[in-house]
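Hello,

Here is the structure I promised to pass on. My notes on its salt bridges follow below.

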Amino acid sequence: MSDDYLVRIGKLIRDARQHRGWTQAQLAEALATSQSAVNRIERGNQNISLEMIARIGEALDSEIVSLGYAGPMHLRVVGGRRLSGSIDVKTSKNACVALLCASLLNKGRTVLRRVARIEEVYRLLEVLNSIGVRTRWINDGMDLEIVPPGHLDMESIDADAARRTRSIIMFLGPLLHRLRHFKLPYAGGCDLGTRTIEPHMIALRRFGLDITATEGLYHAEVDRDVAPDRPIVLTERGDTVTENALLAAARHDGVTVIRNASSNYMVQDLCFFLEALGVRVEGIGTTTLTVHGVPRIDTDVDYSPSEDPVEAMSLVAAAVVTESELTVRRVPIEFLEIELAVLEEMGLDHDRSAEYTADNGRTRLVDLTVRPSKLEAPIDKIHPMPFPGLNIDNVPFFAAIAAAAQGKTLIHDWVYDNRAIYLTDLNRLGGRLQLLDPHRVLVEGPTRWRAAEMMCPPALRPAVVVLLAMMAAEGTSVLRNVYVINRGYEDLAERLNSVGAQIEIFRDI
């Protein structure tokens with residue numbers, strides 16, 4: 001292996017380790033080697049085998065190289081270009097993964113329309129296929145057909161795929177009705193700090209589920225004599241917690257009341273899907289859900305998940321940061337109204353079409369046209385709240401938007417432990433972001449973006465924010481190892497290119 005390749009590989013490993021938040025000593029411990037060996041590898045001063053590269057990639061949960069198939073994907077971005085025309089919002093990533101988990105409730109055939117073809121979906125499909133569920137893409141790959149087996153083979157579960165998605169946690173709700181004993185690998189996903197599953201357990205224990213966590217697995221035992229005898233009060237108004245409680249309640253033979261429930265977009269889509277399965281859900285869109293469960297669900301169902309408000313926000317942010325006029329079509333306006341109100345106060349010039357209905361027959365959509373605007377920093381801080389507040393996943397986009405505005409903006413990302421830290425990667429592109437603590441960052445604008453080469457942050461939304469800043473920066477930037485973006489966005493580079501961006505996908509090692 002040439003010295004040049006060793007240096008390049010060493011730099012990739014160092015960047016991946018730093019984004020993971022590990023020291024050289026921590027990586028050395030995971031590899032059962034010495035810190036000095038890790039130091040030599042990162043400086044390109046030690047020969048390294050493909051096996052060792054693969055071990056390092058596994059330890060850091062980073063596709064530094066991929067054995068047996070093409071290596072990690074990178075993006076080369078020629079920035080400083082204006083966007084124009086129109087672009088459609090794809091269906092919701094978070095709704096699609098919830099519906100894939102919900103398909104385990106049904107003994108009949110499930111068809112989901114226009115499913116997002118993203119890595120998160122692919123990982124769940126690998127898990128479903130490994131336990132015996134038959135899935136296939138139909139209608140020229142637009143839609144997904146799901147047919148469950150008579151018996152789920154949990155012993156054959158694809159543990160590697162399961163560990164790469166946090167959505168696997170939503171298997172608990174459906175499986176407790178099908179199996180008395182089962183094991184699930186620990187949930188993975190974005191690196192956003194410690195995210196306890198205890199709120200899930202508090203809700204699911206009411207249905208007789210008991211979990212013991214050992215050796216990377218959740219060991220589940222179900223007591224069928226236990227059932228909710230009073231309303232379930234969620235200790236966290238989380239989306240996946242609410243979805244898990246809904247999935248458990250859907251096949252409970254009785255009425256379940258869920259309080260402090262999330263009323264966010266993916267929860268509403270799941271409720272609409274459950275209604276298509278014959279489960280009555282009262283209070284959709286509120287924080288109290290009353291579920292009239294059906295002990296056996298065996299029906300052929302055809303459902304269209306709605307569009308993704310977070311993707312819509314990222315496309316709006318792309319227009320704002322690149323000072324472009326762009327029409328974003330099929331925007332689920334109910335879930336973006338607070339964000340637009342904040343942007344209006346900052347001076348955003350935009351208009352919207354009359355409302356129309358999504359394919360699920362329930363969600364309200366508009367077409368939104370954004371124009372170049374002179375923005376001012378908001379008076380109040382930007383912070384998320386449960387729906388109908390500003391969406392937790394939309395907070396990072398305001399870092400790039402605030403960087404384009406005149407003045408200082410305080411962003412308080414109180415939900416996740418690490419995400420605000422990743423936003424400071426914008427400083428490598430010319431941003432002026434000051435990290436006040438792990439949850440608060442002060443953004444000063446306006447920004448003269450500059451091109452750079454850097455590793456992709458290991459969290460989905462900050463990674464996209466970095467990409468948007470690269471699109472605004474004059475010159476050519478490189479964003480390495482964009483697997484995390486592919487987890488949540490379908491063909492994002494190609495779609496942005498269709499409205500004027502210049503982004504090249506490439507692989508090297």
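**Salt bridges**

D393 and R419 form a salt bridge, with their closest N and O atoms 3.4 Å apart. Please keep in mind that this is a predicted model. The pair links distant parts of the chain, 26 residues apart. D393 sits in the loop between β17 (364-371) and α14 (397-403). R419 belongs to helix α15 (residues 419-423). Both partners are buried: D393 has a relative accessible area of 15%, and R419 has 2%.

Next, E145 and R109. Their side chains meet in a salt bridge at 2.4 Å, N to O. E145 lies in strand β5 (residues 143-147), and R109 in the loop between α5 and β3 (110-112), so the bridge ties together parts that are 36 residues apart in sequence. Is each partner buried or exposed, or in between? E145 counts as buried, at 8% relative accessibility. R109 counts as partly exposed, at 33%.

K90 is partly exposed, with a relative accessible area of 29%. E490 is buried, at 13%.

There is also a network: salt bridges link R114, E307, R330 and D359. How many salt bridges are there in total? The count comes to 31.

Best wishes

Note on methods:
Residues are numbered from 1 along each chain as its sequence is written. This is a predicted model: local features need pLDDT of at least 70, side-chain atom pairs count only at pLDDT 80 or more; totals for chains, interfaces and linings use all residues. Side-chain values use heavy atoms; hydrogens and water are left out. A salt bridge is a side-chain nitrogen of Lys or Arg within 4 Å of a carboxyl oxygen of Asp or Glu. Buried means under 20% relative accessible area, exposed over 50%, partly exposed in between (1.4 Å probe, protein chains only). Helices (H or I, at least four residues) and strands (E, at least two) are DSSP runs, numbered from the N terminus.
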